[in-house]
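Subject: Handing over the structure

Hi there,

Here is the structure I promised to pass on to you. Please have it open while you read, and take your time with it.

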Amino acid sequence: MSGLLDRRLLLVTGKGGVGKSTVAAALALRLASAGLRTLLCEVNADRRLGRMLGHPEVGSEVTPVEANLAMVDLEPDASMREYVLSKIPSQRVYRAVFENRLVRYFLRFIPALAETVMLGKVMWHLRQWPDAPGGFDRIVLDLPATGHALTLLGVPHSLVSALPSGPMSTEADWMLELLTDPVITSTVLVSLPEELPVNETLELAQALRSRLKVRIGAVVLNQSVQSRFGPGNLAALSGRPGLTALAQAYEEDARRTEGSVERLRAIDAPLVQLPRLVSPALGRAELEALGDVLAEGLR
Ligand SMILES: Nc1ncnc2c1ncn2[C@@H]1O[C@H](COP(=O)(O)OP(=O)(O)O)[C@@H](O)[C@H]1O
Ligand SMILES: [Mg+2]
């Protein structure tokens, strides 16, 4: 298996709507079918992933859905609750304290508290690897869109620089170590063959490398279109304006794809192109096919 697929924590990120969830699901299916115990995490998401894979919706409990594959939707509130309950083992005390409106109001002012706890939870699952029963060989994290993802991944850095040494800073230290260890963690940047998403991908790559010190394992150009109609084909369509316009629009997309590939090469990471599929809704078969293209491109 490739460098990327050998990493234990795969963080899938990119602009909203580019295909992060699609890529995360395709990767997770591929890893699971290779016999690796895989956890696919969404972050406070719409829980579409379960349905895309042909399973019931999965909530904030880690739930096995098929051989070698479990899923979870990490919700800040649920993660927070789980974390606090692991420290004060009483639902009653939790309710009294954390479901108190005044307390909730003040908690909002602790920067990125929920994100910290959530990321800590992912990292905790990772730390269970590989010996503990129920541990995972791979964790695929379908991150929220770019800005929020950078905040989330920036949490361990901020904590390490802000906290005085003590038990909390020890936690932050190991989170930062896991996140920046290129043997353990890698990111997958998903983009589209359009100017703005490509700009954002280039900026994201810069921020991940220089600011967050996280490895970039692959750039995925999703919805790629390959040229099909040469001048000869277009000439053959003359007299059929509707078809000509369609073929020209298609060729325009193919040119945009080529231009995007050119620009994304600047990132200096393996680039994989996923085809634009025409099925009305992507289901399991499509995700498996995309997983094959990813695995092939990353070999
Ligand atoms: N390669 C593809 N071909 C066709 N449609 C795609 C492809 N990848 C994603 N889509 C569709 O694009 C939309 C956005 O994808 P999604 O994975 O939900 O993006 P994100 O998680 O980045 O917001 C979805 O409707 C999805 O089915
Ligand atoms: Mg998504």
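Below are the ground rules, followed by what was found.

This is a predicted model, in which local features need pLDDT of at least 70 and side-chain atom pairs count only at pLDDT 80 or more, while totals for chains, interfaces and linings use all residues. Residues are numbered from 1 along each chain as its sequence is written, chains are lettered from A and ligands numbered from 1 in the order in which they are written, and side-chain values use heavy atoms, with hydrogens and water left out.

**The chain as a whole**

The protein chain has 13 helices and eight strands. Both kinds of element are DSSP runs numbered from the N terminus: helices are H or I with at least four residues, strands are E with at least two. Of the 299 residues in the chain, 47% are buried. Here buried means under 20% relative accessible area, exposed means over 50%, and partly exposed is in between, using a 1.4 Å probe and protein chains only. Among contacts with a separation of 6 or more, 71% are between residues 24 or more positions apart; a contact means heavy atoms within 4.5 Å. The accessible surface of the chain is about 14800 Å², and carbon and sulfur atoms hold 55% of that. Accessible areas come from the Shrake-Rupley method with a 1.4 Å probe, and for residues only the protein chains shown count as cover.

Five of its five residues are buried, so S5 is largely enclosed by the rest of the structure. Arg138, Val140 and Asp142 lie on one side and Ile139 and Leu141 on the other, and both faces are covered.

Which strands pair with S5? Strand S1 (residues 9-14) runs parallel to S5 and is joined to it by four bridges, and strand S2 (residues 38-43) is also parallel to S5, over five bridges. Two strands count as paired if DSSP finds at least two bridges between them. Asp142 of S5 is the bridge partner of Val12, and Glu42 also stands opposite Asp142. Leu39 stands opposite Ile139 in S5.

S2 is mostly covered as well, with six of its six residues buried. Thr38, Leu40 and Glu42 are on one side, with Leu39, Cys41 and Val43 on the other. S2 also pairs with S4 in the parallel sense, over six bridges, and there the partner of Glu42 is Asp73.

**Ligand 1**

The shell around ligand 1 holds 14 residues, and the ones that come nearest are Lys20, Thr22, Arg48, Asn222 and Leu277. A residue is near a molecule if one of its heavy atoms lies within 4 Å of it. By class, the shell has four nonpolar, six polar and four charged residues. In this scheme Ala, Val, Leu, Ile, Met, Phe, Trp, Tyr, Cys and Pro are nonpolar, Asp, Glu, Lys and Arg are charged, and the others, Gly among them, are polar. H2 gives the largest share of the shell, three residues.

Some atom pairs are worth a look. A polar side-chain atom of Arg48 is 2.3 Å from an oxygen atom of the ligand, and a polar backbone atom of Lys20 is 2.8 Å from an oxygen atom of ligand 1. A polar backbone atom of Leu277 lies 2.8 Å from a nitrogen atom of ligand 1. The protein covers 76% of the 570 Å² of accessible area that ligand 1 has on its own.

**A few single residues**

Ala149 sits in helix H8 (residues 146-162) and is buried, at 2% relative accessibility. Leaving aside neighbours within four places in sequence, Ala149 is in contact with Thr13, Leu143 and Pro144. Met118, in helix H7 (residues 113-127), is buried too, at 3%.

Most residues other than glycine have a negative phi. Asn68, which is not a glycine, has a positive phi of about 65°. Asn68 is in the loop between strands S3 (63-66) and S4 (69-74) and is partly exposed, at 31%. Asp268 also has a positive phi, of about 60°. Asp268 is in the loop between helix H12 (241-264) and strand S8 (271-275), and is exposed at 64% relative accessibility.

Happy exploring!

How values were computed. A polar contact is a pair of N or O atoms within 3.5 Å; within protein, one must be able to donate a hydrogen and the other to accept it, and residues adjacent in sequence count only if both atoms are side-chain atoms.
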